Structures are given as structure tokens and as C-alpha cells.
Amino acid sequence: LAPIYVITPNLKEYDVHFYSVIEELLKNGLKILQFRSPLISAKQHQVIVEKLVTLCEKYACKLIYNGKINDAIGYGAHGVHLSSDRLMKEKIRPVSEMFLVGASCHNEIELLHAERIGLDYCVLSLVHQSTSHINKTGMGWKKFFLLSQLVSIPVYALGGVMPSEFKIAR
């Protein structure tokens, strides 16, 4: 998988500016993008995901949908991202290996479960306190490193991670 995993912002509206920023990221080599937007309806998701899939395919980028698996498949996404709650309800990998599946993890139990059921990757958070989780304390790089070493699947760092820290995250 690609070394950098970008998650779209949670917006109420996805306009021309949003798509131009995404296209700029794609032109600069982005290879995996997660669309996540709990603020808008599932019907709106479909339109946006289909546009993003077309844009991503132009630049050989994988679009991951953070939502229902059947929706991800129906919208033409290249993969699906599971919440930690959804991850822990799965007993086996929910779809074939031709479709990327990742999950949000926050602890050892979730990481080990993601690996056990055969997911392709996970995101581990919260590395640092972030603007989206101001009431939660981050685990820091040492704990992130120790937890990520427990599994053999790729683990992306999430939560207040700055571009200047990409080398540390790797």
C-alpha cells in the first residue's frame, strides 16, 4: 500500500474547490484516499464517491469508502473502511481480497482482530491530540510504534500527525 493515506474532510458540502484540491493531491502522487463524511446523506455519498472514483482512476489511486460495504461496492469504490465497532463485529473478512478492507483501531485487541480476519491495513489513532478529538489524549509515537509492531499488516498513523512527522510515522 501507499505510504500516505489521506482522509477527506468532513464537510456539509463538496464543491468545485474540494475536487480541485483532491485532483492536486492526485497529481502529486496520492495513491490511496478515504472518503468519509458523516455529515451528509447516503444519497449524497453516492454522487460524490462516483465522482471521486472517476478522478482517482485517472491517476491510479484507490478510493476507499468509509461506510457500508454494499454501498462501497455499488458506488464503484476500490475498498471499504470499517469503524472499530464494525471491525469487532466481523468474524471473518467481509469481502474478497479483490476489494481493499481497512479499519480504525485504537488498541491491541482491535489491531490483532484486524489482522486475524485478514484485513489489508488499519489506521491506529490517536497519535496526538487533534482538532477533531480535543478531549482525548494521544498515545504518542512510542506507544504507536509498540502497537504497530504487534501485527504484520500496514498500520497508518492517525490523529494530529503533521507532514513533518511522515518520516517518524514510517
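Reader: Is Tyr65 buried or exposed?
Author: Tyr65 counts as buried because its relative accessibility is 2%, where buried means under 20% relative accessible area, exposed means over 50% and partly exposed lies in between, with a 1.4 Å probe and protein chains only. This is a predicted model, in which local features need pLDDT of at least 70 and side-chain atom pairs count only at pLDDT 80 or more, while totals for chains, interfaces and linings use all residues. Residues are numbered from 1 along each chain as its sequence is written, and side-chain values use heavy atoms, with hydrogens and water left out.

Reader: Okay, and where is Tyr65 found?
Author: Tyr65 belongs to strand 3, residues 62-66; helices (H or I, at least four residues) and strands (E, at least two) are DSSP runs, numbered from the N terminus.

Reader: Which residues is Tyr65 in contact with, leaving aside its neighbours within four places in sequence?
Author: With those neighbours set aside, the contacts of Tyr65 include Phe35, His45, Val49, Tyr75 and His81, a contact being heavy atoms within 4.5 Å.

Reader: Switching to the whole protein, how many helices and strands are there?
Author: The protein has seven helices and seven strands, and along the sequence they follow the pattern β-α-β-α-β-α-β-α-β-α-β-α-β-α. Its radius of gyration is 16 Å, close to the 15 Å that the globule rule gives for 170 residues, so the protein is as compact as a globular protein of that length; the radius is taken over C-alpha atoms, and the rule is 2.2 Å times the number of residues to the power 0.38.

Reader: What share of the residues is buried?
Author: Of the 170 residues, 44% count as buried.

Reader: New topic: how many salt bridges are there?
Author: The count comes to four, taking a salt bridge as a side-chain nitrogen of Lys or Arg within 4 Å of a carboxyl oxygen of Asp or Glu. One of them joins Glu90 to Arg86, with the closest N and O atoms 2.8 Å apart; Glu90 is buried at 13% relative accessibility, whereas Arg86 is partly exposed at 31%.

Reader: And which residues are linked in a network of salt bridges?
Author: That network links Arg93, Glu97 and Asp120. Arg93 meets Glu97 at 4.0 Å, N to O, and Arg93 meets Asp120 at 2.9 Å, N to O.

Reader: Why does the Arg93 and Asp120 pair tie together separate parts?
Author: Arg93 lies in the loop between helix 4 (84-89) and strand 5 (100-105), and Asp120 in the loop between helix 5 (108-116) and strand 6 (121-125), so the pair ties together parts that are 27 residues apart in sequence.
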